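Subject: Structure handover and notes

Dear colleague,

Please find below the structure that I am handing over to you, with my notes after it. I would be glad if you read the two side by side.

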Amino acid sequence: MSTSINAPYHHGNLRQALLEAALIILEREGEAGLGLRDLARAVGVSAAAPYRHFDSRAALLEALAVTGFQRFTAAMEAIPATNPPDLMAAMGKTYVLFALDNANLFRLMFSPQLSKDGRPGLRIAADMAFDTLRHVSGGDTRTGRIAALAAWARVHGLAVLLLDGQIALRAGEDTEALIAEIVEHL
């Protein structure tokens, strides 16, 4: 069931409806706009209803970050397998475009306030996302891990520079083509 944040919730999977509405609010208003009572109002349920699925705002933020990592992993896994250099470039481009298309979710996923220590669901989701890169970089070897970390650092840096406006995009410039070209040079 796809929930519009203006449509009242009637039946089905309330947890998923809350997450979908929270993702919309997150992208529109940022993390500061997220509160469980406001979310309940947006979905059209009682103020107590979200607490059956998220015991706190922190639990909601964690669930959103997990959702983000799951969507990110799916985007990475959807890249057609090609030879490793081309696959790495495609993954880098996908990483940066995901960040730009989901700016507030991306920032939440990597927020220092959401420490992955003591949050097994978040740790598992983040590790699965990293594993998509590690498998292409050389697998479970130390060299593979170092190559994956180096690639991650480069594309994450590019994504953050673009999100923060430190790399200005020119009017009419093909963003995807520019990102692909920059990633090729990384």
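Thr-67 counts as buried, because its relative accessibility is 11%, where buried means under 20% relative accessible area, exposed over 50% and partly exposed in between, with a 1.4 Å probe and protein chains only. Before going further, please note that this is a predicted model, in which local features need pLDDT of at least 70 and side-chain atom pairs count only at pLDDT 80 or more, while totals for chains, interfaces and linings use all residues. Residues are numbered from 1 along each chain as its sequence is written, and side-chain values use heavy atoms, with hydrogens and water left out.

Thr-67 is found in helix H3; helices here are DSSP runs of H or I with at least four residues, strands are runs of E with at least two, and both are numbered from the N terminus. Leaving out residues up to four places away in sequence, Thr-67 touches Leu-19 and Leu-23, contact being defined as heavy atoms within 4.5 Å.

**The chain as a whole**

The secondary structure comes to eight helices and zero strands, and the C-alpha atoms fill a box of roughly 50 × 40 × 30 Å along the principal axes. Of the 186 residues, 43% count as buried. Among contacts between residues at least 6 apart in sequence, 62% join residues at least 24 apart.

**Annotated regions**

An unreviewed UniProt entry carries the annotation "domain: HTH tetR-type" for residues 12-72, and such annotations, given in the numbering used here with shortened feature names, may be inferred rather than shown by experiment. In the model, that span is 66% helix and 0% strand, and its end C-alpha atoms lie 25 Å apart. The annotation "DNA-binding region", also from an unreviewed UniProt entry, covers residues 35-54, over which the chain is 40% helix and 0% strand, with end C-alpha atoms 11 Å apart.

Two packed helices are described by the angle between their axes and the distance between the axes. The axes are lines fitted to C-alpha atoms, for helices over the stretch in contact, and the angles run from 0 to 180 degrees between N-to-C directions.

Helix H1 (residues 14-29) and helix H2 (residues 36-43) pack at about 105 degrees, with their axes 10 Å apart. That angle makes H1 roughly perpendicular to H2, on a scale where under 35 degrees counts as roughly parallel, over 145 as roughly antiparallel, 65 to 115 as roughly perpendicular and the rest as oblique. On the H1 side the contact involves Leu-14, Ala-17, Leu-18, Ala-21, Ala-22 and Ile-25, which meet Leu-39, Ala-42 and Val-43 in H2. By class, this contact of H1 with H2 has nine nonpolar, no polar and no charged residues; Ala, Val, Leu, Ile, Met, Phe, Trp, Tyr, Cys and Pro count as nonpolar, Asp, Glu, Lys and Arg as charged, and the others, Gly among them, as polar.

H1 and H3 pack at an angle of about 85 degrees, with their axes 10 Å apart, and are therefore roughly perpendicular to each other. Arg-15, Leu-19, Ala-22 and Leu-23 of H1 make this contact with Leu-60, Ala-63, Leu-64, Thr-67 and Arg-71 of H3. The residues of the contact of H1 with H3 divide into six nonpolar, one polar and two charged.

**The nonpolar core**

Which residues touch the most other members of the largest nonpolar core? Of its 57 residues, they are Leu-39, Val-43, Leu-60 and Leu-64, a nonpolar core being a set of buried Ala, Val, Leu, Ile, Met, Phe, Trp, Tyr and Cys residues joined through side-chain atoms within 4.5 Å.

Leu-39 lies in helix H2 and counts as buried, at 0% relative accessibility. Apart from neighbours within four places in sequence, Leu-39 is in contact with Leu-18, Ala-21, Ala-22, Ile-25 and Leu-60. With the sequence neighbours up to four places away again not counted, Leu-64 touches Leu-19, Ala-22, Leu-23, Leu-34, Leu-105 and Leu-108.

**Ala-65**

Ala-65, in helix H3, is buried with a relative accessible area of 0%. Not counting residues up to four places away in sequence, Ala-65 touches Leu-108, Met-109, Leu-114 and Leu-122. The C-alpha atoms of Ala-65 and Met-109 are separated by 4.6 Å, although the two residues are 44 apart along the chain.

With kind regards
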